[in-house]
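Look over the structure first, then read on.

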Amino acid sequence: MAIVEVKVPQLSESVAEATLLQWKKKPGEAVALDEILVEIETDKVVLEVPAPAAGVMAQLVKNDGESCTSDEVIAKIDTDASAQVSPLEIKPVPASAPAAAPAAAGGNKGDVAMPAAAKLLAENNLAASSVAGTGKDGRVTKGDVLGAIEGGAKAAAPAAKAVSAPVPAAVSKPLPAVAAPVQQNLGDRPEQRVPMSRLRARIAERLVQSQSTNAILTTFNEVNMAPVMEMRKKFQEKFEKEHGVKLGFMSFFVKAAVHALKKYPIVNASVDGNDIVYHGYFDIGIAVGSPRGLVVPVLRNVDQMTFADIEKKIAEFGAKARDGKLSLEELTGGTFSISNGGTFGSMLSTPIINPPQSAILGVHATKDRAVVENGQVVVRPMNYLAMSYDHRIIDGREAVLSLVAMKEALEDPARLLFDI
């Protein structure tokens, strides 16, 4: 028998551990080379784990929903076996173990608890016979025990301490990536308790960190989007035909931001202890909503990118975010961020800085509004810009002037071409 170990991919230094989502293969099933076996969720991305060799899934060392670390063995593949139940699939509990006693006496396999389930049964004073098993041959799985506990099952006779198995048990029935939602029966006022995912917990942690460590202040301005809209309308068809991507508004905001950051480098800086780090490059994070939560992929060296380059990269980030395919590298770093709440209809907001950056631009919905020009009330497509900044290193003067520079660049896009 030739066994090949399936290991957790190398995680970044900032990621201590990850969570296994649902296994796509069960013990005894055939596995093809490079076939995706399971997805691993970190606090930033979801990583796919391919099969390192072809063969048969022999053993799942880690269950769905369990934590894992870099290079940890999570499964084993038998490269010599055929597609049938592998002998490593389930390591039977020794006959002397109390959990297996009922099966030995009565021959009812449904009373046999898997090692992980036996431990839970003992901890909660439940007998294996009191829980309906849904595993192979009616064995009681960890998921069955969790379901019984949540349903308020009480043991008629306390189960004895289970002897831990020498080899981690295989998963017979997939468990949820996170604990199942807990429903509370409150009549016409129901509640549902759902644990946070790693990503959501990390987002919460970083937002609180940002609020508690930065001296956040927000400055606002309004911009007449008519010039940008006219330019976009004039060149949209030719642009799309030439570059294969639509000309959106986001590339204008990104270019305007870089235009301002060049004029006021402190807005592109960050704090490191008692030092101010001035970045000689422009890496702009673009906040993107995904099914898993907010992610901020980074556009590298934006000052060297064309409008087409920016639009293509943003479209790529959007597709990857929806599919959960963003890499750790794409989500790491950044010297300034842009959050576009306008895509959801937001009129105004105060964005929170993405540490360790020192500023973030909030873009909102463009709406026709009544404004005064040359003493006359006219209707113009207006957008309210909001820039939150760390007042520890950015004074109000630099913050306001940098936002004004963005406003001027958007109201006269030619400035972006001539860098004035």
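This is a predicted model: local features need pLDDT of at least 70, side-chain atom pairs count only at pLDDT 80 or more; totals for chains, interfaces and linings use all residues.

Start with the strands. Strands of a sheet pair through backbone hydrogen bonds, either parallel or antiparallel.

S2 (residues 18-20) pairs with S7. There, Thr19 has Ser67 of S7 as its bridge partner.

Another open sheet has 4 strands, ordered S1-S8-S6-S3, and its pairing is antiparallel. S1 (3-7) and S3 (30-31) stand at its edges, each with a single partner strand, so one side of each is left without a neighbour in the sheet. S3 pairs with S6 (residues 55-60). Val31 has Gly55 of S6 as its bridge partner.

| Strand pair | Sense | Bridges |
|---|---|---|
| S2 and S7 | antiparallel | 2 bridges |
| S3 and S6 | antiparallel | 2 bridges |

Now the helices. How do H6 and H7 cross, and at roughly what angle? The axes of H6 (residues 250-263) and H7 (residues 307-323) come within 9 Å and cross at roughly 120 degrees. H6 and H7 are therefore oblique to each other. The crossing of H6 past H7 is right-handed.

Which residues meet there? From H6 come Met250, Ser251, Phe252, Val254 and Lys255. From H7 come Phe307, Ile310, Glu311 and Ile314. By class, this contact of H6 with H7 has 6 nonpolar, 1 polar and 2 charged residues.

Notes
Residues are numbered from 1 along each chain as its sequence is written. Side-chain values use heavy atoms; hydrogens and water are left out. Axes are lines fitted to C-alpha atoms, for helices over the stretch in contact, and angles run from 0 to 180 degrees between N-to-C directions. Angles under 35 degrees count as roughly parallel, over 145 as roughly antiparallel, 65 to 115 as roughly perpendicular and the rest as oblique. A crossing is left-handed if the near helix is turned anticlockwise from the far one by less than a right angle, and right-handed if clockwise. Contact means heavy atoms within 4.5 Å. Ala, Val, Leu, Ile, Met, Phe, Trp, Tyr, Cys and Pro count as nonpolar, Asp, Glu, Lys and Arg as charged, and the others, Gly among them, as polar. Two strands pair if DSSP finds at least two bridges between them.
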